[in-house]
Amino acid sequence: MEIESEETKSQSEYSGIPASPGIAIGQAFIYDNTNFWIEEKNIPLERVEEEKARFKKAVDKVIKDIKALRDNLKTRIGKENATIFDPHIMLLEDPAVTEETFELIEKGKCAEFAFFRTTRKIIKAYKRVDDEYMKERMTDINDILRRVTINLLGMDSATLSNIETPVVVIAPNIAPSDAALMHSNKILAFVTDFGGRTSHATILSRAMDIPAVISVKTATSEISPGDMVIVDGTRGRVYVNPDQETIDRFKGEKKQFEIARQSLVELKDLPAVTTDGYRIGLHANVEYTDELNAVHANGAEGIGLYRTEFHYIESNKIPDEEDLYNDYFEIAQSLTPDPVIIRTLDLGGDKISHITSSETEANPFLGWRAIRVSLSLRDLFKVQLRAIVRASSLKNIAVMFPLISCIDELNEALDILAEVKAELKSEGYDFDPDMRVGIMIELPSAVMIADHLSSKVDFFSIGTNDLIQYSVAVDRENDRIADLFEPFHPGVLRLINITVKAAHKAGIPVAICGEMSSDPAAALILLGLEIDELSMVPSFIPSMKQIIRSISMDTAKKLAARILQCASAEEVKGLINEELKKINM
Ligand code: PEP
Ligand code: MG
């Protein structure tokens, strides 16, 4: 077998969806759930022979195991079928594979990485051949890679949390459960083959200020572990093995980006008020308590959305009332007297946990999701509500139900909440009897009965990520149709308008907590539609404040009135751009 030489590190550039702004420069780390990854580590040169022996031993062990498996299968599935393992053995016994791995070990690479790099090269070569048989062999290579690596490491799985040195993660997609492991400051940036701008993992990367470019299509197959990568999350560009001039240019841009972000943070104590004196609330979306520093540092006036489901996704246990209470109380205490809106569980859709994973559904986003899960797992729901109500003793907590589609769901949720309050009262707990209750408006059906829903709650929060997905019928995860996920679709803007009108008629406030709320162009319209609050990833608050402080409500209202007459998103964007130019944005 011919393996490409180590010197063929080619320069290349890719485009994708700019998902989380900022610039990162670092080594590529291929994280492929469907395949396997290994981090680059060096060994002292005096350990080379030892490392080669370690590799050889692992390979011999895997060959022995596969042969045993093959012999065992012969009796069960027949001699013919058991030959499926022959290519595995051939590859492991191929002298070119051993030689290439040894060469890398001799250059001071650890055995795991050397073998990983070798197998990636074979996969790359196979991918170029348009032959089904060869393509199937890629699965065999991944399988032997996995087996040899497991043997070398004495482990049985690999996750993002194992990363030791800062890297740029290149992955087919990032699941919310992987994203939950992103806390480590070892991840410089993400580049993914798939995913949408409002995928939950994308939202998390923004929350954690990790630059990300998604939907790059061929990133994992074409970028190799250890490649030098620049990720420009603002423009959606990825540069692989760039020349020194490009590296220097982006180092400069990275510095500029950080300075600009820092200078905006200086606005933190100023109110978000338009030039003609209209004040809008700027709140933060959070998923974990470790984002509280960012909430304060960016001058959020409260938490407009606490996505509580990550506690249930992250671990395989169901958090108990005490765990939840402590977590909610910590947030309430950190923000007091500013408000904290705790959204009840929004599992399902792309947020799969051990609680919902037993149900495989053809259309998870149209399935057992959010309030539907809570209402059918009543005990689980009651535990969460008890924790929320108990944490309300500081009088700054509000509760919010996600994905309400009809009045019956809301009534049932309100009944359970009343039951929980009655129980806690009889148990002698101190809590806020007037704790505010709100719902998310995420479905066109809820918009159309907003006049009825508004009479039963204290506030609305429009989840545009879902409202767009459900009104335009575009799966928010599907990169193939990502360009149809259109916040500026006049249909979406009219749904927002109907919601605001109904809420204000009932005397309750409306927030937007979807990703649209941090888009400067959208801000102009949302302001004109008389939204009361915008809730977003904390680090986006300062730039939104700057925009609000440079526009007038009068202009925004006139613009919104014209936009509500538009027939297409293009027309809407044209009008917004005209306005943005006038204020030099
Ligand atoms: C939304 O749908 O806009 C929202 C904020 O909720 P999530 O993104 O968690 O579905
Ligand atoms: Mg939602």
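Me: Where does K217 sit, and what makes its phi stand out?

Reply: K217 is in the loop between β6 (212-214) and α9 (219-222); helices (H or I, at least four residues) and strands (E, at least two) are DSSP runs, numbered from the N terminus. Phi of K217 is near 70°, a positive value in a residue other than glycine. Most residues other than glycine have a negative phi. This is a predicted model: local features need pLDDT of at least 70, side-chain atom pairs need pLDDT 80 or more, and totals for chains, interfaces and linings use all residues. Residues count from 1 along each chain as its sequence is written, chains are lettered from A and ligands numbered from 1 in the order written, and side-chain values use heavy atoms, without hydrogens and water.

Me: What makes the peptide bond between T336 and P337 worth a look?

Reply: This bond is cis, with omega at about 5°. Most peptide bonds are trans. P337 is in the loop between α13 (321-335) and β11 (340-343).

Me: Which residues are closest to ligand 1?

Reply: R307, R343, E442, N465 and R476 are the closest of the 17 residues that surround ligand 1. The test is a heavy atom within 4 Å. The shell divides into 4 nonpolar, 5 polar and 8 charged residues. Here Ala, Val, Leu, Ile, Met, Phe, Trp, Tyr, Cys and Pro count as nonpolar, Asp, Glu, Lys and Arg as charged, the others, Gly among them, as polar.

Me: Why are α21 and α24 called roughly perpendicular?

Reply: Helix α21 (residues 520-528) and helix α24 (residues 569-582) pack at about 95°. The class runs from 65 to 115 degrees, so the pair is roughly perpendicular.

Notes. Axes fitted to C-alpha atoms, helices over the stretch in contact; angles between N-to-C directions. Parallel < 35°, antiparallel > 145°, perpendicular 65-115°, else oblique.
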